[in-house]
Amino acid sequence: MKSLLLFIFLALPATALAEDPLPLGSEMPLTEVSMEGFAGDTERAWTLSDVQGEAGTLVIFTCNHCPYVKAWQERVVAHGNAYAEKGFGVIAINSNDPVPYPDDDLEGMKARAAEQGMQYPYVVDATSEMARAFGAKKTPELFLFDKTGKLVYHGAFDDNGQHPDKVEKPYLKLAMDALLAGEPVAVAESKAMGCSIKFRDKK
Amino acid sequence: MLTLSRLWIPFLLLLWLSPAVADEPPPLMEATGAKILEDLREKPAQVTLLNVWAVWCQPCREEMPGLLELREEYADQGVVIQLVSVDFDTEREKTLGFLTAMGVDFPTYFRTGDDDEAFIASLYEGWSGSLPATFLFDSKGKLVQFWEGDASRDFFESRILEVLQQRPGPPETQVKSP
C-alpha cells in the first residue's frame, strides 16, 4: 500500500502540487526567511523585510535559462533599477532546482546579473518554499506590494514579451506609477506565458 | 543469382526497416487559441488531449515521447492528441526540427499572435501561462481536466482513461468553474 501511494505521489506533475497564487490584498509571506544571494559585488543573505521599500516592494520570480525571462530581462532590470531609485524595494528570486537545470545555479545567476547590470538583490530560494508561499508557478512572475505590504499587482511586466516595440500595456510601470501617485492600481492582474518553476521537492 | 532487377526487393525491405523518422517536417498550422478550440469542437473526438509546449522547454521535450506513444496506442479508441507550440516566431525552424526528430508526421499547431492573455484565457482562465500545460476535453469538447507542469506517460495515460471512461480525475487536475 505504501509503495502504491508513493507511486501515485511520484506520478503527479510537480507543479500540480503548487499552491494557488497569493490573492490580491494579501500580506507578503515569509518576510523573515533568509535567502543567500548578491547585489553587484555584495554577497550576503536578504529577507523580504530587508528589501521592503517606502514606496512599495517588487518581488520578481525569475531564473536564467527561460526564454521568456530573457525576452523581458532588459526591460525588467532597467525598470527595477530605476524604480529602486524612486523608493521601491526590489528583489529577484530564483526558486528553480539547479540540479536538473545547472544554468540556474549561483554562478549562472551572478553572470546574468552582471551582464544585465542588475543592481538589486538576486537571491536563491533554496527550498522553493518562497515560490510555494507566493503561489508562483512560472518565470517571470511579478508580485508588487504597496507601502503597507499588501499585494496590489500580480502578473506580467507588460503585454508583449516577444516584441518590446509593440507593447500596449506596460502593466508593471502603470501599477508602480499609481502607487507613487497614491492612486489605486487599475489593472491588478495580468497573465503571460512563462517557464514553469522547477520546484525542489517538498521536504 | 542476385541481379539488378532483383535488388528492388531488398531495397524495399531496407526502406521498410529503416528508422521511422519523418522525412518531411510536419506541417505547422498557425492558429490562435480560439481557432484551436473551434477546430477541436467542430467534431470532437472521444478524448482530445491538447499539449502546449515549446522547443526550448526541457520538460516539454521530455514528456513528448510518452505523448506520442499514447497517441499511437489510443488512436483506435477515439483519442486525439494535439500539440500546440508557443515558440517565438524566430524559433520556428527549431520547432520543426524537434518535431521531425521526434518522428511527428502529423500536423501540429503553432500559436500565432502576441496576446498571451487572450491565448491563455481562450484555453482556460485557471492556467497561469506556464509550460508545459495539458488540457483534456471530453466527447462534447468540454474541458474536463487540466494541469501545468510536466507529467509521466503513466500520468497522461491515467487521465486519458478517466475521460474515456467518464470518470473524474484527481482533485489537482479538475477544472475549476469560473
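This note goes through the predicted model of the complex of chain A and chain B, point by point.

1. Conventions. The model is predicted: local features need pLDDT of at least 70, side-chain atom pairs count only at pLDDT 80 or more, and totals for chains, interfaces and linings use all residues. Residues are numbered from 1 along each chain as its sequence is written, chains are lettered from A and ligands numbered from 1 in the order in which they are written, and side-chain values use heavy atoms, with hydrogens and water left out.

2. Confidence. The predictor assigns the complex an ipTM of 0.83 and a pTM of 0.87. Chain B has a mean pLDDT (the predictor's confidence in each residue, from 0 to 100) of 89, and 86% of its residues reach 70 or more. Helices (H or I, at least four residues) and strands (E, at least two) are DSSP runs, numbered from the N terminus. Where pLDDT is low, the predicted coordinates should not be read in detail.

3. Interface area. Chain A and chain B bury about 2500 Å² between them, 54% of it on carbon and sulfur atoms. Buried area is the accessible area (1.4 Å probe) that two parts lose on being put together, summed over both. In chain A, the most area is lost to chain B by A:Gln162, A:Lys191 and A:Met193, together 29% of what that side buries.

4. Interface residues. Contact (heavy atoms within 4.5 Å) takes in 31 residues from chain A and 31 residues from chain B.

5. Salt bridges. The criterion is a side-chain nitrogen of Lys or Arg within 4 Å of a carboxyl oxygen of Asp or Glu. A:Lys137 pairs with B:Glu148, the closest N and O atoms being 3.7 Å apart. A:Asp20 pairs with B:Lys176, the closest N and O atoms again being 3.7 Å apart. B:Lys176 lies in the segment after α6 (153–164) of chain B and A:Asp20 in the loop between α1 and β1 (35–39) of chain A, so this pair joins two chains.

6. Strand pairing. β9(A) pairs with strand β5 (residues 130–131) of chain B in the parallel sense, over two bridges. Two strands pair if DSSP finds at least two bridges between them. A:Cys195 has B:Leu131 of β5(B) as its bridge partner.
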